[in-house]
Structures are given as C-alpha cells and as structure tokens.
Amino acid sequence: MTPRSPRRRPGRILGRTATYALAALVALVFLAPLYLVLLTSLKSSNEAQTMSFALPRSWQIDNYLTVIKTGDALQALLNSVLISVAVTAGTILVCSLAAFVIARRPGRVTGGVYSYLLTGLIAPFAFIPAIRLLQEIGLGGSYTGLILTDIAVQIPFITLIYVGFIRQLPREIDEAALLDGAGSLRLFFTIIFPLLRPVSSTALILVFTYAWNEFQNVLFLIPDADRWTLPMSVFTFQTTHSYDYSLVCANLVLTMLPVVAVYLAAQKYIVSGMVAGAVKA
C-alpha cells in the first residue's frame, strides 16, 4: 500500500482551519445580537440606553416580571401556542395527504395540481383579496381564518419536500397492504405516515418556527388585540416603551425563548429530513 503523501497534510489542515474560522465568524454574527439583547434585558433603564456589551452593574430580573404584568405576555403566549400548534398540525396533515396522492398517482390531473401548488413558492401573498374572502365566509378577524391562511402559505414548500420523500418509498409496501385488505386511508395512516417521520420532523420545525414568528398575517387579519400573538405584543409593547430598551429586550427574550428551545432540541432533524429522500435506497 502506497503511504499517503505528506504534502497533502498542510493543505488539509489549512482547509480545516479556514472552515472553523468561517463557522466561528458566522456564529459570531448570529450570536452577538442575541447576547446583546439578553444583556440589555437584565440592565436598568439608564444602563440600557447605551446598548453596550458591558455586564450590568445590578442584574434586573424584575424586568421580566414587569413585561409579564404590563405587556399581556401570558395571553399573547397562549394565542401563539394555539395558532402555532394548529398551523403545524394542519399543514403536516394536509401536505402529507396531498403529497401521497401526487406521488402515488402520477397523471395529468395530479401533475397539474402539483404544478399549481408549486406556483405558490413564487406567487406573492395578496392581503386585500384574502381579507375580503375571509369576511365573505364569516372568518374575518378569527383564529380559524388566520390558521387557514398560514396553512395555505406553507402548503407549496411542505408538499414539495413530502413528495420528494414519498417517491423514494417502495411501491411494494402499498401493494402488500392493499392485498391484506387495507383501504387508502388505513394504508396511509398506519403504514406510510410512520415512515415519514424524518421529513415530518423537518416540516414540524419549519412550520412551527414560521407560525410562531409570523407577524404580517396577524397584523392584517386579526384586528382584536386580545387575539394577538407574541410578535405582535412586542410591536405594541415597543410602541408604549420605545425608550426603555431594558423592557423591550426582556419582551424580545420572552418571545424568542420557546421557538429557540424547539429549534435547538430538534435542529438535527432539519438537514436529515431535507435530504432523506434525495438518494434512492
């Protein structure tokens, strides 16, 4: 066996060092603002005016209690949880079922429907027609109208990743289940859907993050402040406390914590789910 050439080692070390340096730079770009917001949220109102990276002279944990009491954070939190969970569950259910039909029954009809859905990836969202339509069907200003709108926005991309994954599943699975007497719905929910766990995990993270951070749809479709989500509460809270950066940053931290926790707990599934159907087994 021919020994490895020692000339390659410095190049590999240099490439690895450059990769680590680039990763550290990217991490710094994203983590530095988060660190600044966290520090500012723990400072007094006077210290927070400078927005510096210096540690607080006295740690003001009471800022978070003030936000919870005066900013309606608990009600906004419940609204965010309700809307995010409903949008995530509805999107996964609708997109997985649609993708199963598109992937397993290729033809002009399903191909046309699939192409129509994919146009949603580039088509802009029209707020005025959406508001008018929701008013006509009696869903204007309601949770249901907002949830259905958010689901519709996510359908194109989530269906795309589901179709790519399902097309890699062997058709023999379907044939064996049908021979055993399983109907279409039973085939999907008992056999196919459990196999979609990797891509479903990716869809869950992406859709939940979108629904939690969604701002525009809530702003235009929900006029009632009692139904606003956490991002909207940050907007209104900042308007009221525009010069008290300590309270504004505390409100931002409370808004970010749940979605950051979900993302950190399941981030490994994002890439694995996206590429799980890329290579045929």
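I will start with how to read the model, then take the rings, then the helices.

This is a predicted model, in which local features need pLDDT of at least 70, side-chain atom pairs count only at pLDDT 80 or more, and totals for chains, interfaces and linings use all residues. Residues are numbered from 1 along each chain as its sequence is written, and side-chain values use heavy atoms, with hydrogens and water left out.

A search of the whole structure gives seven aromatic pairs; rings of Phe, Tyr and Trp (its six-membered ring) pair if their centres lie within 6.5 Å, and planes under 30 degrees apart count as stacked, over 60 as edge-to-face and the rest as tilted. One of them is edge-to-face: Phe-188 with Phe-189, 5.1 Å centre to centre and 85 degrees between the planes. Phe-188 also pairs with Phe-193, and that pair is tilted, at 5.8 Å and 50 degrees. Ring pairs join Phe-100, Phe-188, Phe-189 and Phe-193 into a cluster.

Is Phe-188 buried or exposed? Phe-188 is buried, at 1% relative accessible area, where buried means under 20%, exposed over 50% and partly exposed in between (1.4 Å probe, protein chains only). Phe-189 is partly exposed at 40%, and Phe-193 is partly exposed at 29%.

Now the helices, which are DSSP runs (H or I, at least four residues) numbered from the N terminus. Helix 9 (residues 184-195) packs with helix 10 (residues 197-213) at about 70 degrees, their axes 5 Å apart; axes are lines fitted to C-alpha atoms over the stretch in contact, and angles run from 0 to 180 degrees between N-to-C directions. Helix 9 is therefore roughly perpendicular to helix 10, a term for angles of 65 to 115 degrees.

How values were computed
Helix = DSSP H or I, 4+ residues; strand = E, 2+ residues; numbered from the N terminus. Parallel < 35°, antiparallel > 145°, perpendicular 65-115°, else oblique.
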